[in-house]
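Hi there,

Here is the structure for you to open alongside this note. Below it I go through what turned up, with the cut-offs spelled out as we go.

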Amino acid sequence: MSKEKLVKHLPASGPLDENGREILLSVKNVDITFGKGDSAVRAVKNANFDIYKGETFSLVGESGSGKTTIGRAVIRVNPCAAGEIQYKGVRISGKTTKTLDREVIRNIQMVFQDPAASLNERATVDYIVSEGLYNFHLYKNKADRVAKVEKMIEEVGLLPEHLTRYPHEFSGGQRQRIGLARAMVMEPELVIADEPISALDVSIRAQVLNLLKKFQKERDVTYLFIAHDLSIVRFISDRIGVIYKGDIVEIAEAEELFDYPLHPYTRSLISAIPIPDPKLEKNKVLFTYDPSIHDYSEDKPQLTDIGHGHYVYGNAKEIEEYKRIRESGEKLKSITILDEAELAAQGKTAEDYLPSGEYILDTPIHDTGSRWYKFASFFLPPVGFIAGWLFKRKNYMRNYKACKRGAVAGLITLGAVVGLFAALLGLAVI
């Protein structure tokens with residue numbers, strides 16, 4: 001048994017990097033896969049990044065890119081298929097000792113995206129906020145527990161009389177404050193905020209963000225902030241990681257990333273930030289990311305440090321170009337706004353510059369994998385195999401798999417029936 005497996009307690013502090021910053025969390029070569037065989041989906045691919053103590057590290061990307069999957073892997077809900085996650089230099093992914101497990105739970109808390117679904121509707125606010133205190137016995141007596149809960153509920157902007165109520169009696173913003181109080185009462189060192197404001201009204205979002213910054217300043221809390229809105233991320237983040245379909249394509253400090261968005265996917269995210277002026281927004285030209293521009297058939301890409309604390313995902317040829325652009329010192333322009341004269345001269349409108357649907361949808365809209373395909377293929381296996389072949393050619397992969405499974409199951413059943421009939425016929429002849 002290795003020495004690493006015998007670790008029972010977290011150290012007082014984590015290792016330091018070459019600049020003397022304490023590394024609180026390290027994600028090293030992490031792969032996360034769901035399903036097995038033909039159904040396997042590699043949701044996160046070789047993810048690498050560090051989070052330093054006291055900072056806000058944001059992970060941004062479109063829906064389905066793997067942001068939440070990484071966050072859930074940190075709290076050990078999603079297992080790592082490869083690689084490891086370290087907290088203060090100690091591996092916390094995979095099997096750990098019971099004492100280490102409890103320390104990690106105490107030190108890493110999560111604020112969830114849906115404030116309604118993440119709270120127990122049958123429990124009072126008092127119990128919801130106190131549950132962690134009960135589990136770890138983080139109070140001297142009942143009076144001490146009540147004092148801690150009341151102090152925390154006031155810090156998030158609610159009142160002590162709210163403690164006797166139930167979650168359904170609160171608005172979305174108030175429920176998110178309860179979720180934040182539940183996490184912060186444990187006095188964690190790392191908080192994973194999984195899109196904590198996406199379900200809230202715009203007027204409430206700023207209040208919750210200010211609460212997060214307040215706790216960070218007063219308690220030296222570190223955040224892994226998961227979001228898809230880059231305008232909000234710029235406000236709260238020290239560093240930003242951009243993820244696309246499971247690959248982390250760029251990591252840099254917030255202002256560095258906005259000044260030099262080197263990876264084209266990052267530029268496309270920045271160009272999608274709404275402009276609070278209807279006329280300018282109407283004439284804005286979106287920068288569209290087309291993955292086919294990369295040729296990774298021979299020269300494989302990797303996340304590379306190009307200097308200035310800036311990491312970009314690309315092959316050797318792309319990295320050289322990214323370095324040249326960065327060293328030129330010219331800030332990159334991700335948003336283009338055409339005036340009416342330019343549009344009229346080109347005989348176009350701003351809508352003509354919108355990306356076509358092929359860049360938005362990865363699979364056809366009717367690729368549902370309906371059980372009716374499986375049902376029909378079960379009774380008509382030859383037809384099922386032919387239909388599956390046609391679906392596969394058109395990239396209807398869910399429909400193809402449904403037809404394939406139904407046809408295979410139909411052939412096995414047919415073979416079993418024929419075998420049974422032959423055996424009965426043989427017995428009758430004997």
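Let me start with charge: the protein carries 57 positive and 57 negative side chains, and the centres of the two sets are 7 Å apart. Lys and Arg are counted as positive, Asp and Glu as negative, while His and the chain ends are left out. Each charge is placed at NZ of Lys, CZ of Arg, CG of Asp or CD of Glu.

Two notes before the rest. This is a predicted model, in which local features need pLDDT of at least 70 and side-chain atom pairs count only at pLDDT 80 or more, while totals for chains, interfaces and linings use all residues. Residues are numbered from 1 along each chain as its sequence is written, and side-chain values use heavy atoms, without hydrogens and water.

**The overall picture**

The protein has 16 helices and 14 strands. These are DSSP runs numbered from the N terminus, with helices (H or I) of at least four residues and strands (E) of at least two. Along the principal axes, the C-alpha atoms fill a box of roughly 85 × 75 × 50 Å. The accessible surface comes to about 23,300 Å², and 56% of that belongs to carbon and sulfur atoms; areas are from the Shrake-Rupley method with a 1.4 Å probe, and for residues only the protein chains shown count as cover.

Of the 430 residues, 42% are buried. Here buried means under 20% relative accessible area, exposed means over 50%, and partly exposed is in between (1.4 Å probe, protein chains only). Among contacts between residues at least 6 apart in sequence, 66% join residues at least 24 apart, where contact means heavy atoms within 4.5 Å.

**Aromatic rings**

How many aromatic pairs does a search of the whole structure find? The search gives twelve. Rings of Phe, Tyr and Trp (its six-membered ring) pair if their centres lie within 6.5 Å; planes under 30 degrees apart are stacked, over 60 edge-to-face, and the rest tilted.

One of the pairs is Tyr-244 with Tyr-265, which is tilted, at 4.6 Å centre to centre and 50° between the planes. Tyr-244 belongs to strand E9 (residues 239-244) and Tyr-265 to helix H9 (residues 264-271), so this pair ties together parts 21 residues apart in sequence. Both tyrosines, Tyr-244 and Tyr-265, are buried.

Another is the edge-to-face pair of Tyr-373 and Phe-391, with 5.1 Å between centres and 70° between the planes. Tyr-373 is partly exposed at 30% relative accessible area, whereas Phe-391 is buried at 17%. Ring pairs also join Trp-372, Phe-375, Phe-378 and Phe-379 into a cluster.

Two arginines sit over rings. The charged end of Arg-102 is over Phe-136, 4.4 Å from the ring centre, and Arg-234 lies over the face of Phe-258 at 4.3 Å. The test is that NZ of Lys or CZ of Arg is within 6 Å of the ring centre and within 35 degrees of the ring normal.

The buried residues of H1 include Lys-67, Ile-70 and Val-74. After H1 comes Arg-76, whose phi is positive, near 70°.

Ile-75 lies in the loop between H1 and strand E4 (82-87) and is partly exposed at 23% relative accessibility. Leaving aside neighbours within four places in sequence, Ile-75 is in contact with Ile-108, Met-110 and Ile-192.

Glu-256 is in helix H8 (residues 254-259). Is Glu-256 buried or exposed? At 12% relative accessibility, Glu-256 counts as buried. Beyond its neighbours within four places in sequence, Glu-256 is in contact with His-308, His-310 and Arg-326.

Asp-201 sits in the loop between strand E7 (190-194) and helix H6 (202-219) and is exposed, at 55% relative accessible area. Asp-201 and Gly-173 are 28 residues apart in sequence and 7.8 Å apart in space, C-alpha to C-alpha.

Best wishes
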